Amino acid sequence: MMKFSYALLVLLFGVSEVMNAQNIEGPSLGNGIFKSVAKDSTWAMKMGLQLQFQGSAEWEEHNNSFSDLETQFLIRRARLKFDGFIYSPKLTYKIALGLSNRDMSGASEFTNNAPRYIVDAVVKWNFYENFELWFGQAKLPGDFETLISSANLQFVDRSKLSKSFGIDRDLGLQLRHQLQFSEHLLIKEAFAVSQGEGRNVTSKNLGGFQFTSRLEVYPFGDFTKDGAFIGGDLDREPTPKLALGVAYDFNDNAVKTGGNQGDYMFTDSGFHETDISTVFVDAVFKYQGFSLLAQYTDRAADAPVAINSEGLPTGDVVNVGSGFNVQSGYLFKSNWEVSGRYTNLNLDTPLTAKNIENQYTLGVSKYIFGHKLKVQSDLSYLNVEDSADQLMYRLQFAVQF
């Protein structure tokens with residue numbers, strides 16, 4: 001860890017010295033700290049930086065009043081990002097390094113007991129027309145909200161639906177393609193085969209592989225600047241835009257409670273293995289500052305409760321059940337946005353011992369320079385059956401160079 005930190009400081013210092021020595025003018029905000037292209041155009045690199053600082057306060061209801069205040073200040077994101085091409089613009093790459101404790105946490109024997117610095121490390125090869133093959137670690141083609149970058153979210157954070165059922169990143173191969181059927185009708189497909197245990201795993205594959213597929217239909221054409229994967233309607237779509245998506249994920253002999261997420265399911269004889277299937281159905285609509293995102297997820301497992309050799313539960317359970325999330329917002333011409341979100345989690349209570357949850361969130365955002373420089377806040381009310389209700393307020397400052 002010390003060697004990595006030292007090397008990173010040397011790299012940043014070297015870049016700073018080179019830029020100062022040559023008096024290079026940097027790109028505009030949001031387009032990277034610097035860009036470099038080889039003299040013979042055989043490679044290019046852009047380096048960026050993402051920062052998010054968050055403060056939060058939570059209250060729990062007791063005797064019809066909210067008390068037990070808990071507060072927290074957090075560096076939610078501190079990431080270095082690199083992207084560009086190698087040899088040809090048809091062979092691109094993306095690398096993201098997470099420097100916050102939130103990103104690095106999760107070290108275990110399966111990550112060689114090393115901090116999980118690497119968030120993304122993927123090479124993309126546009127080998128034929130609209131076909132692209134990805135190699136490495138990247139987000140799997142799951143639900144819309146998880147596929148939206150944390151830098152481009154409409155709220156301070158993703159919904160509880162994504163946190164409960166999202167499949168996030170994994171190591172493997174992905175094939176992506178898009179087909180323009182007519183002037184307006186656009187179809188996008190994605191297929192992935194991955195290790196099935198999440199990011200930065202260095203051990204041999206446990207259990208089986210993970211298979212993910214996704215289909216998206218754009219009946220009115222693509223969004224401005226790939227805006228289906230950007231929170232809110234910051235481009236103020238001049239005509240109605242709609243994206244309909246469906247995805248299916250199958251994790252064969254999964255050994256973690258969330259498929260490739262969550263905790264490893266240890267038993268007294270090794271690992272508990274179970275097949276996990278997850279279905280995602282979602283839609284995005286945007287028009288003249290108005291935005292709407294709706295998502296439904298259902299997860300099942302053939303043996304969701306981990307048991308030991310004597311047939312007794314170990315305490316690890318797969319989050320089987322379903323959930324629904326809908327959020328909407330309107331962006332005023334002053335670049336203030338008001339948004340609302342409703343999330344329902346209906347997990348299988350007899351198996352998971354988790355009750356039905358309903359969360360209501362009201363958000364207010366000020367986009368100073370789009371998602372590249374913004375201040376966001378939200379207030380959430382969480383109702384859990386047979387449990388105390390909760391209130392949560394968050395305030396977040398975010399910048400992306």
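1. Which element gives the largest share of the lining of the largest cavity? It is S14, with three residues. The notes below give the setting for this answer.

2. The model is predicted, so to speak of local features a pLDDT of at least 70 is needed, side-chain atom pairs count only at pLDDT 80 or more, and totals for chains, interfaces and linings use all residues. Residues are numbered from 1 along each chain as its sequence is written, and side-chain values use heavy atoms, with hydrogens and water left out.

3. The whole structure holds four cavities of 30 Å³ or more. On a 1 Å grid over the protein atoms alone, a cavity is a set of points where a 1.4 Å probe fits but cannot get out; lining residues have an atom within 4 Å of a point. Grid points are joined across faces, edges and corners, and a volume is the space filled by probe spheres set on the points.

4. The largest cavity has a volume of about 130 Å³. Its lining has 19 residues, and Ile148, Gln154, Gly231, Leu293 and Gln327 lie nearest the centre. Two or more lining residues come from each of strand S13 (274-287) and strand S14 (290-301). Strands here are DSSP runs (E, at least two residues), as helices are (H or I, at least four), numbered from the N terminus.

5. By class, the lining of the largest cavity has eight nonpolar, six polar and five charged residues. Ala, Val, Leu, Ile, Met, Phe, Trp, Tyr, Cys and Pro count as nonpolar, Asp, Glu, Lys and Arg as charged, and the others, Gly among them, as polar.

6. The second largest cavity, of about 50 Å³, is lined by 15 residues. Gly136, Asp170, Gly172, Leu173 and Gln174 lie nearest its centre. The lining divides into nine nonpolar residues, five polar and one charged.

Notes
1 Å grid on protein atoms, 1.4 Å probe; cavity = no way out; pocket = protein on both sides within 12 Å on 5 of 7 lines; lining within 4 Å.
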